[in-house]
Amino acid sequence: MNCAVISDVHGNEEALRAVLQDIKLRKIKDILFLGDAVGYGANPNECVKLLKNNCEEIIAGNHDYAILGLTDVSNFNDYARAAVEWTSSVMGKTSLSFLKSLPLVKILEKEDILLVHSTPKEPGNWNYILSRWDAEVNFHHFEQKICLIGHSHQSSIIEYSIHGEMITRRHTARIEETKRYIINAGSVGQSRDGDPRACYAIIKDEKVELIRVKYDISTTQKKMLDAGLPLPLIERLERGA
């Protein structure tokens, strides 16, 4: 197994290009995308095109569904709803058609991996895995060795042994025969863990590693400001909040 796992680009072209370049430098060919190509950022069409041209597997996230009118945005905060409205107004037909074609979940049989944006339990309800209890519940809702997720914008590697022991790792882990894993790849376009750099995961040689990549945040912020997107969404990028 040798692949990169990316998620939650949210229309941030600069972050996505930086991550794709980092992946290329590491000579990794297969890229798995876990949803939320759009929302928040100023380049949704460009990001959809880049993902379509570079990713081996792509699934949908809640912001992708929101743009399509396929999920309720009443529980989105005011800034997120404003970003959805703006994004909907600039999306091209080709981008919309592509997003509409994406599944919510994908099973990679050969690799024994489940791809889902939010949770394996009720993936269309857009819940989060934020606690030990959340993780334990969700381990009982997939059979594969590895479940890859995004959605929370907070990266982690959760190991679950056959004896019921659970360990959360923040940077790297070995893929062991007697364990199963929930791996959150973090966010390419809008980190929320205090580190403003883009985040993604690499699975290679029976090892998982979470990678951070610097990108041109100021250019992303200027584009968002010029587009009239909410100021709190712009300011939070430099804080990773």
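I define a pocket on a 1 Å grid over the protein atoms alone: an open set of points where a 1.4 Å probe fits, with protein on both sides within 12 Å along at least five of seven lines; lining residues have an atom within 4 Å of a point. A volume is the space filled by probe spheres set on the points, which are joined across faces, edges and corners.

I note that the model is predicted, so local features need pLDDT of at least 70 and side-chain atom pairs 80 or more, while totals for chains, interfaces and linings use all residues. Residues are numbered from 1 along each chain, and side-chain values use heavy atoms, without hydrogens and water.

I looked up the second largest pocket: its volume is about 260 Å³. It is lined by 17 residues, and Ile129, Leu130, Ser156, Ile158 and Arg170 are the closest to its centre. I then turned to the largest pocket, at about 300 Å³. Among its 19 lining residues, Asn62, His63, Asn75, Phe76 and Tyr128 are the closest to the centre.

**Helix 7.** I took helices as DSSP runs (H or I, at least four residues), numbered from the N terminus. Helix 7 spans residues 217-227, and Ile217, Thr220, Gln221 and Met224 are buried there (under 20% relative accessible area; exposed is over 50%, partly exposed in between; 1.4 Å probe, protein chains only). They lie on the same side of helix 7 because they cover an arc of only 95° around the axis, taken from the directions from the axis to the C-beta atoms. On the face turned away, I found Lys222 and Asp226 exposed. The buried residues pack against helix 1 (13-25) and helix 8 (231-239), with contact meaning heavy atoms within 4.5 Å. Just after helix 7, glycine 228 has a positive phi of about 80°.

How values were computed
Helix = DSSP H or I, 4+ residues; strand = E, 2+ residues; numbered from the N terminus.
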